[in-house]
Amino acid sequence: MSMMSENKGIWVYSDSHDLTLEMLGKGRKLADQLKTQLTAIMIGYDVQGKAAELAKYGADKVYMVDNPVLTRFQSDMYLSVLYDLAVNQKPDIILVGSTKNGKPLAARLATRLETGCVPDCNRLSVDEKGKLVGERITYGGNAIARVTFNTKPQIATVPARAFEKPEPQDRQGQLVKLDVKTDPPKTELVETKPLQASSARIEEAEAIISCGRGLTKKEDKALLDELAGVVRGQVGCTRPLAEDRKWFTEWVGLSGHKVKPKLYIACGLSGVIQHVAGIRDSKVIVAINKDPEAPIFEIADYGVVGDLYEVLPALKDALKKMLQ
Amino acid sequence: MKRIIVCLKQAVDVSQLKVDAATRQLITAGAPRKISDFDKNALEEAIRIREKLANVQIVTLTMSSEDPKTVLREALAMGADKAYVVNNAGVEGIDTSGTAYVLAEAAKKVGQFDLILCGETSLDSFSGLVGSRIAELLKLPQITSVRKLSIESGTVTAERALEDASETVKAKMPALVTVTREINQPRIPSLMMIMKASKKEIVTWALADLGIQKEKLAPKIEVIEALAPKMERKKVKITGGTVQEIVEKLARALIQEGVVGR
């Protein structure tokens, strides 16, 4: 699709409702800046309640496609709905939630619309010509790229928690029900299993105590748990501890969870760039490492050169006493 | 099952990248390259499928403006039967749209296939779009983020890792599957395998061999700049005295910052 002069607004779609709300917050700001409309797309079955809520979070308009065949996300069917809407309405910008379902959907939508897609934008802005500019982490965390578009619609995907969920306002929007023909699905769902709930989501933790290869035994996780108990935080780790040693099921970093707690305590981890890319937005970073040359100290607010086996228990005791 | 195509990216080895401290520019020219990790998992999975089902040919597809032979020798040593390279020298700034187009056209030229395997994303640019774009161009069923895979009588069944669930999905082949790093542990080729690989064929195509016009590869997105991130941190080293004294200083600092308690 070539550059069009008309401006048909900003669209937001995600298969995650929370992420839709987060994108509406950012989308509202961009729409005000561009003096254009913000439209949320709601696809599914029995979604009227959710769709009606979206105006409160900033949508001027909601396109709702409500159909029993769309009860579950299915990429071919959802793609055909979005494509149909986009081809007819010609939005200027489409923000798609960068979930495991959303990113491939955005890639295929961009391909079908013959346009560009910038994935995983942690920041979004518009330039002086009104073009969308996305910022994303690239080269394994070695660089932040600012990327813009040569074609329209401009499709960007947005990861969870890149933008804050706005406070709901007392405002009205237009709800438009649409009936759209869907392509037949090319894949068939066999079964779905919830992942063993790793109790709480690490992205939501206000404090994270994370360890790397400096932790020598699996049982020693208890040291981290104890400190986490005092600061009401969660425990994390680097990729080798999860993938190689299998002591944890998930890890923090570019290929794992990207976190932004108020406090990130990095213990016995050197600070490879891929890990650092996952913690960059933390408010305060503390590094505890035996090696005074460890790169983690270069990106920490507070550094303690020392053995985590001595420092962690002592820190736990000190904080416990002071916080009483 | 006759043929599996594995898309391999010759990626910048991000662990060896250097940054110009003054300009924050990355020094990518001459930076070491390797097979993108995720793609290596895709290749390993193809080899494991062949170990179960006999008579499967595994071919790799790579787009590169350089000579990627050393990288492809590794893929052949691991077990690929044949490697195809599309040389895009002289056409700069190809984005995911152009890359997918080239790889899709190359897949057509390779001939009939049952499965295309790709890494879910790439080590260096980390976009995660190319696999899905290829599936769309070739109108194939796609299954993304796969951590377990099985093939039975013309059907691929795969377990996808989603945010808070896992989902098992099946599709008729030909299909395209993107894999995660969890799916397997790629093998390290033995000396014997490396020697055997030197006899395997690497076929190089020019864009013209695929009938691709340069204009089709015009980038749809444009990188304005890519700079090393600024990390503005306090970098306060807490030193002196006993461990006890050090942690007390640290605890006080954290309370002052308002990041602990309440």
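Reply: Helices (H or I, at least four residues) and strands (E, at least two) are taken as DSSP runs, numbered from the N terminus. The model is predicted. By that assignment chain B has 6 helices and 15 strands.

Me: What are the spans of the two chains along their principal axes?
Reply: Both figures are taken from C-alpha atoms along the principal axes. For chain A the box is roughly 65 × 45 × 40 Å. For chain B the trace spans about 70 × 40 × 40 Å.

Me: How many residues of chain B are in contact with chain A, and which element gives the most?
Reply: On the chain B side 70 residues are in contact, and they meet 64 residues of chain A. Elements giving two or more residues to this side include α3 (96-110), α4 (130-137), β9 (142-152) and α6 (243-257) of chain B. The side divides into 38 nonpolar, 14 polar and 18 charged residues. With 11 residues, the element that gives the most is α6(B).

Me: Which strands stand at the edges of the open sheet that takes in strands of both chains, and why does each have a side without a neighbour?
Reply: The sheet has 4 strands in the order β6(A)-β7(A)-β8(A)-β14(B), with antiparallel pairing. Each edge strand has a single partner strand, so one side of it is left without a neighbour in the sheet. The edge strands are β6 (123-126) of chain A and β14 (221-227) of chain B.

Me: By what angle are neighbouring strands of this sheet turned against each other on average?
Reply: The average is taken over neighbouring strands of the sheet in the order β6(A)-β7(A)-β8(A)-β14(B). With direction ignored, the angle is 25°.

Me: Which residues of β14(B) are the partners of Arg146(A) and Thr148(A)?
Reply: Strand β8 (residues 143-149) of chain A is joined to β14(B) by 6 bridges, and the two run antiparallel. Thr148(A) stands opposite Glu222(B). The bridge partner of Arg146(A) is Glu225(B).

Me: Where else do strands of the two chains pair, and which residue is opposite Pro194(A)?
Reply: Strand β11 (residues 187-194) of chain A pairs with β11(B) in the antiparallel sense over 7 bridges. In β11(B), the residue opposite Pro194(A) is Ala165(B).

Me: Which residue of β11(B) is the bridge partner of Thr155(B)?
Reply: β10(B) and β11(B) run antiparallel and are joined by 7 bridges. A hairpin through 3 residues connects β10(B) to β11(B). The partner of Thr155(B) is Lys172(B).

Me: Is Met173(B) buried or exposed, or in between?
Reply: Met173(B) lies in the loop between β11 and β12 (175-179) of chain B. Leaving out residues up to four places away in sequence, Met173(B) touches Asp114(B), Leu115(B), Gly154(B), Thr155(B) and Val156(B). Met173(B) has 19 other C-beta atoms within 10 Å, so the class is partly exposed.

Me: How are α5(A) and α8(A) oriented to each other, and why?
Reply: Helix α5 (residues 221-230) and helix α8 (residues 308-323) of chain A pack at about 15°, with axes 9 Å apart. The crossing of α5(A) past α8(A) is left-handed. Residues of the contact include Leu223(A) and Leu227(A) of α5(A), and Leu315(A) and Leu319(A) of α8(A). Angles under 35 degrees count as roughly parallel, so the orientation of α5(A) and α8(A) is roughly parallel.

Me: How many residues of that contact are nonpolar, polar and charged?
Reply: The count covers the residues of the contact of α5(A) with α8(A). They divide into 8 nonpolar, no polar and 3 charged.

Definitions and conventions
Residues are numbered from 1 along each chain as its sequence is written. Chains are lettered from A and ligands numbered from 1 in the order in which they are written. This is a predicted model: local features need pLDDT of at least 70, side-chain atom pairs count only at pLDDT 80 or more; totals for chains, interfaces and linings use all residues. Two strands pair if DSSP finds at least two bridges between them. Axes are lines fitted to C-alpha atoms, for helices over the stretch in contact, and angles run from 0 to 180 degrees between N-to-C directions. Two residues are in contact if their C-beta atoms, placed from the backbone, lie within 7 Å. Ala, Val, Leu, Ile, Met, Phe, Trp, Tyr, Cys and Pro count as nonpolar, Asp, Glu, Lys and Arg as charged, and the others, Gly among them, as polar. A residue is buried if 20 or more other C-beta atoms lie within 10 Å of its own, exposed if 12 or fewer, and partly exposed in between; C-beta atoms are placed from the backbone. Angles under 35 degrees count as roughly parallel, over 145 as roughly antiparallel, 65 to 115 as roughly perpendicular and the rest as oblique. A crossing is left-handed if the near helix is turned anticlockwise from the far one by less than a right angle, and right-handed if clockwise.
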